[in-house]
Amino acid sequence: MELEGILRFFENKTILIIGATGFLAKVFVEKILRVQPNVKRIYLLLRASDNESATQRFCHEVIGQDLFNVLRKSLGANLESYVFERVTPISGDICDVNLGIKDDILREEMWNEIDIVLNSAATTNFDERYDIALGINTYGALHVLNFAKKCIKLKVLVHVSTAYVCGEKVGHILESPFYMEETLNGTSRLDINAEKELVEDYLDKLRVHGATKEEITSTMKDLGIKRTIDGVIAAYGKGKLKCFLGHPNTIMNVIPADMVVNSMIMAMVAHANKSSQIIFHVCSSMRNPMKLSSLSDFISLYFTQNPWIDRNGESINVFSNIARFQAYMAVRYKLPLKVLWLANLVLFQYYREIYITLNRKVEVLMRMVDLYKPYVFFAGCFDDSNTEKLRVAIRESGVNVHLFDFDPKCIDWKDYIMNTHIPGLIQYSMKR
């Protein structure tokens with residue numbers, strides 16, 4: 001697998017990318033445009049009212065970002081012309097049949113030309129509505145599969161997902177696929193259509209009873225949740241989080257985005273034109289594990305050295321079991337809240353606004369704990385044998401390691417978290 005062969009694989013190829021405004025897709029687009037200028041066409045599916053709006057969104061949310069600074073520095077004023085000679089943003093929706101592409105001629109053209117399909121679309125909201133999550137993350141994947149089956153030149157379909165689709169499994173978790181109607185706990189078959197009917201029934205009942213938009217959103221959120229650890233880092237950095245529940249020895253499967261993209265590229269090359277369902281765990285628990293206790297220390301140290309606005313850095317109390325955490329919450333927050341509630345009764349709701357604000361903060365913390373519990377007590381270790389085979393192929397081929405490397409062994413977690421991840425989070429995600 002020589003470097004020339006890897007780059008040649010993408011030469012004169014047409015690629016469809018779903019989830020084009022997501023971070024992984026942006027990194028993939030930038031990488032292909034930078035290393036293979038002779039790619040034929042990259043179709044980007046974006047949620048927009050029409051193709052013109054899709055193009056505007058692409059300009060603003062993709063090529064307008066700092067990620068494209070290397071190409072911008074290289075091409076200067078020619079960046080946009082270079083990009084649009086190769087990239088075609090199109091409006092669509094993964095939740096719809098045929099990906100919501102209304103133009104019959106364009107659809108046929110895509111089915112006749114596309115060589116590679118990459119689906120990285122997913123809702124990554126911290127607290128997503130179940131109906132939206134089901135439409136994008138479940139039915140969306142089915143729509144992508146059905147669309148890809150109509151692409152007569154298709155060489156490979158790559159679907160990107162979180163490794164935690166395994167649920168709350170323990171021990172050594174193999175790189176093996178799940179099959180239709182298979183459940184994570186093996187108790188009973190999973191009927192996706194029944195889930196869809198459940199959602200529709202909930203929505204119908206809410207509408208019949210005149211539920212407000214806020215009530216509908218709240219009910220749908222309670223049915224399903226999407227999680228991300230950066231919510232915890234942001235909350236701590238802003239001084240809103242002083243403690244958290246989780247086992248100190250839990251392994252955190254963190255992996256840089258560029259390594260994920262490199263592995264995606266190598267998987268495309270290695271498995272093109274092969275009838276197989278190969279799963280790759282691109283994670284760090286096997287090769288370079290980082291414990292929750294270490295992540296907690298890094299976060300605390302960073303914000304001690306770089307306090308958010310005027311707040312002093314403080315360590316996070318990490319509780320290893322629910323009993324200790326509940327006792328801490330009772331003494332530190334719930335008891336004072338109860339006293340404040342009683343004072344409100346005596347003083348005719350004098351402290352009402354203060355009570356409401358503090359109570360809401362406690363509820364947010366408890367909700368975060370509930371959301372993250374499967375992750376911070378996760379007792380599994382992801383096998384990465386298939387992924388290691390790709391890394392071996394790179395090492396044996398003499399490919400420039402820095403161009404396509406995705407071996408987590410090279411990561412110094414303290415340096416990465418403190419000098420790359422948190423500064424990036426602050427610059428691009430945390431609002432002052």
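The secondary structure of the chain amounts to 17 helices and 11 strands, where helices (H or I, at least four residues) and strands (E, at least two) are DSSP runs numbered from the N terminus. This is a predicted model, in which local features need pLDDT of at least 70 and side-chain atom pairs count only at pLDDT 80 or more, while totals for chains, interfaces and linings use all residues. Residues are numbered from 1 along each chain as its sequence is written, and side-chain values use heavy atoms, with hydrogens and water left out.

Of the 432 residues in the chain, 43% are buried, a term that stands for under 20% relative accessible area, with exposed meaning over 50% and partly exposed in between (1.4 Å probe, protein chains only). The chain exposes about 22,900 Å², of which carbon and sulfur atoms supply 52%; accessible areas come from the Shrake-Rupley method with a 1.4 Å probe. Among contacts (heavy atoms within 4.5 Å) between residues at least 6 apart in sequence, 81% join residues at least 24 apart.

In soluble globular proteins, nonpolar side chains tend to be buried together. A nonpolar core is here a set of buried Ala, Val, Leu, Ile, Met, Phe, Trp, Tyr and Cys residues joined through side-chain atoms within 4.5 Å. The largest such core has 67 residues, and those with the most contacts inside it are Phe10, Ile17, Phe28, Leu33, Leu44 and Met268. Its largest share, 11 residues, comes from α11. Apart from this core lies another, of 19 residues, among them Ile101, Trp111, Ile114 and Ile136.

| Residue | Contacts (heavy atoms within 4.5 Å) |
|---|---|
| Leu44 | Ile17, Ala20, Val29, Phe58, Val87, Thr88, Pro89 and Ile90 |
| Val117 | Leu16, Ile18, Val144, Ala148, Leu154, Val156, Leu157 and Val158 |

Val117 lies in strand β4 (residues 116-119), and this residue counts as buried because its relative accessibility is 1%. The C-alpha atoms of Val117 and Tyr43 are separated by 9.5 Å, although the two residues are 74 residues apart along the chain.

Helix α2 (residues 23-35) and helix α11 (residues 257-271) have axes that come within 9 Å and cross at roughly 65 degrees; axes are lines fitted to C-alpha atoms, for helices over the stretch in contact, and angles run from 0 to 180 degrees between N-to-C directions. The contact is made by residues including Phe23, Phe28 and Ile32 of α2 and Val261, Ile265 and Met268 of α11.

Definitions and conventions:
Lists of a residue's contacts leave out its neighbours within four places in sequence.
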